Amino acid sequence: MYQYVDRPLNSLDEGCRFLVWSMRAWVTTLGRRQCPAEALAPAFAKWRMIGGLRPFHRSMLLFNRDALETFAFCPMACSHVSEHEAVILELITSLRDRGPQQTRDTLEMVISEDSVGDMLETLSKLGAAMAIAGIFPGEPVAAKNLRH
């Protein structure tokens, strides 16, 4: 999470930026009493992520309903990543980097126990869709550039 929190969006790869935009757009759309899945579908299709729309939407619904604290998302125009946005980015990359058990352990601190298994499956499907689209979230751009 700390590799993402308070980072400028332009220092993140396109997968991270796509997810942050999607989170903010989902919350904004819901606040306008519109269907987030319907509103986000064109962007997901453009990014070859239409297969990831359902798991993304489901994950946001689960966070909205079952988070142990109220998640806060930045407004669309904000140039930095909020704490809760960073948590979600970390959870998605955690499945690949640390595996399901450690991701489950983290989820148990974030959402109600009854939703942990469902969220783990949902995040796995979202990560798979992002990998297929070639935009799986990775390291901040600055961290990647230091290795070259």
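A residue counts as buried when its relative accessible area is under 20%, as exposed when that area is over 50%, and as partly exposed in between (1.4 Å probe, protein chains only). By this scale Arg-58 is partly exposed, with a relative accessible area of 35%. The structure is a predicted model, in which local features need pLDDT of at least 70 and side-chain atom pairs count only at pLDDT 80 or more, while totals for chains, interfaces and linings use all residues. Residues are numbered from 1 along each chain as its sequence is written, and side-chain values use heavy atoms, with hydrogens and water left out.

**Overall architecture**

- The protein chain holds 7 helices and 0 strands; helices (H or I, at least four residues) and strands (E, at least two) are DSSP runs, numbered from the N terminus.
- Read from the N terminus, the order of elements is α-α-α-α-α-α-α.
- The radius of gyration, taken over C-alpha atoms, is compared here with a globule rule of 2.2 Å times the number of residues to the power 0.38.
- For the protein chain the radius of gyration is 14 Å, close to the 15 Å that the rule gives for 148 residues, so the chain is as compact as a globular protein of that length.
- The C-alpha trace of the protein chain spans about 45 × 35 × 30 Å along its principal axes.

**Surface, burial and contacts of the chain**

- Of the 148 residues in the protein chain, 47% count as buried.
- The protein chain exposes about 7,900 Å², and carbon and sulfur atoms supply 53% of this area; accessible areas come from the Shrake-Rupley method with a 1.4 Å probe, and for residues only the protein chains shown count as cover.
- Contact means heavy atoms within 4.5 Å.
- Among contacts in the protein chain between residues at least 6 apart in sequence, 69% join residues at least 24 apart.

**The crossing of helices H4 and H6**

- The axes of helix H4 (residues 83-97) and helix H6 (residues 116-133) come within 9 Å and cross at roughly 80 degrees.
- Axes are lines fitted to C-alpha atoms, for helices over the stretch in contact, and angles run from 0 to 180 degrees between N-to-C directions.
- Angles under 35 degrees count as roughly parallel, over 145 as roughly antiparallel, 65 to 115 as roughly perpendicular and the rest as oblique.
- H4 and H6 are therefore roughly perpendicular to each other.
- H4 contributes Leu-91, Ile-92 and Leu-95 to the contact, and H6 contributes Leu-120, Leu-123, Ser-124, Leu-126 and Gly-127.
- The residues of this contact divide into 6 nonpolar, 2 polar and no charged, where Ala, Val, Leu, Ile, Met, Phe, Trp, Tyr, Cys and Pro count as nonpolar, Asp, Glu, Lys and Arg as charged, and the others, Gly among them, as polar.

- Ser-59 is found in helix H3 and is buried, with a relative accessible area of 2%.
- Leaving aside neighbours within four places in sequence, Ser-59 is in contact with Met-119, Thr-122 and Leu-123.
- Thr-122 has its place in helix H6 and is buried, with a relative accessible area of 5%.
- Not counting residues up to four places away in sequence, Thr-122 touches Pro-55, Arg-58, Ser-59 and Leu-62.
- Arg-58 lies in helix H3 and, not counting residues up to four places away in sequence, touches Asp-118 and Thr-122.
- The C-alpha atoms of Arg-58 and Leu-9 are separated by 24 Å and are 49 residues apart along the chain.

- Ser-94 is found in helix H4 and is buried, with a relative accessible area of 4%.
- Leaving aside neighbours within four places in sequence, Ser-94 is in contact with Gly-99 and Thr-103.
- Ser-94 and Thr-106 are 12 residues apart in sequence and 9.2 Å apart in space, C-alpha to C-alpha.

**Arginines in the loops**

- Most residues other than glycine have a negative phi.
- Arg-33 has a positive phi of about 60 degrees although it is not a glycine; Arg-33 is found in the loop between helix H1 (14-31) and helix H2 (36-46) and counts as exposed at 80% relative accessibility.
- Arg-48 also has a positive phi of about 60 degrees without being a glycine; Arg-48 is in the loop between H2 and helix H3 (50-66) and is exposed, with a relative accessible area of 57%.
- Arg-32 has its place in the loop between H1 and H2 and is exposed, with a relative accessible area of 57%.
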